[in-house]
Amino acid sequence: MPEIIRILGFIIKFYSNDHEPIHVHIIKGNSEVIIEVSEDGVILRDNYGMKPKDLKTAEKLALEYKELIIKTWEEF
């Protein structure tokens, strides 16, 4: 379960047996979102209890770190 980064109370990771398209699980506390990541940007796929303010931050983090996310996914 590769963890990409921990920042601002969020954990950004993917699972070793995950499937394409490239996506990350972003966890904060007991909530989680799944965000697809591509060179073109990010798309929210699923939200499991994340509050709107945290969701906005999670999306911004995925966008900010998209190059690292893509690189880590491809290298794994």
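## Close-up views of a predicted model

**View 1. The hairpin of β4 and β5.** β4 and β5 form a hairpin, and two residues lie between them. Helices (H or I, at least four residues) and strands (E, at least two) are DSSP runs, numbered from the N terminus. The two strands run antiparallel and are joined by seven bridges; strands count as paired if DSSP finds at least two bridges between them. Look for S38, which stands opposite G41 in β5. Six of the eight residues of β4 are buried, so this strand is largely enclosed by the rest of the structure. Here buried means under 20% relative accessible area, exposed over 50%, and partly exposed in between (1.4 Å probe, protein chains only).

A word on the model before moving on. This is a predicted model, in which local features need pLDDT of at least 70 and side-chain atom pairs count only at pLDDT 80 or more, while totals for chains, interfaces and linings use all residues. Residues are numbered from 1 along each chain as its sequence is written, and side-chain values use heavy atoms, with hydrogens and water left out.

**View 2. The sheet as a whole.** Five strands make an open sheet in the order β1-β2-β3-β4-β5, with antiparallel pairing. β1 and β5 are the edge strands, each pairing on one side only. From one strand to the next, the twist averages 20 degrees. Axes are lines fitted to C-alpha atoms, for helices over the stretch in contact, and angles run from 0 to 180 degrees between N-to-C directions. β3 and β4 pair over six bridges in the antiparallel sense, and V24 has I35 in β4 as its bridge partner. In their hairpin, which has two residues between the strands, G29 takes a positive phi near 60 degrees.

**View 3. H25 and its surroundings.** H25 lies in strand β3 and counts as buried, at 8% relative accessibility. Its side chain makes polar contacts with the side chains of E32 (2.6 Å) and D18 (3.4 Å). A polar contact is a pair of N or O atoms within 3.5 Å; within protein, one must be able to donate a hydrogen and the other to accept it, and residues adjacent in sequence count only if both atoms are side-chain atoms. Across the strands, K13 stands opposite H25. Leaving aside neighbours within four places in sequence, H25 is also in contact (heavy atoms within 4.5 Å) with residues including F14, Y15 and V33.

View 4. Helix α1 (residues 52–64) has 13 residues and reaches 18 Å from its first C-alpha to its last, close to the 18 Å expected at 1.5 Å a residue; the expected span is 1.5 Å times one less than the number of residues. D54, L55, A58, L61 and A62 are its buried residues. They cover an arc of only 125 degrees around the axis, which puts them on the same side of α1; the arc is that of the directions from the helix axis to the C-beta atoms. On the other side of α1, P52, K53, K56, K60 and E64 are exposed. The helix lies across β1, β2, β3, β4 and β5, running at about 145 degrees to β5.

View 5. In the loop between β1 and β2 sits L8, which has a positive phi of about 55 degrees although it is not a glycine. L8 is exposed, with a relative accessible area of 62%. The loop between β2 and β3 holds P21, and the peptide bond from E20 to P21 is cis, with omega near 5 degrees.
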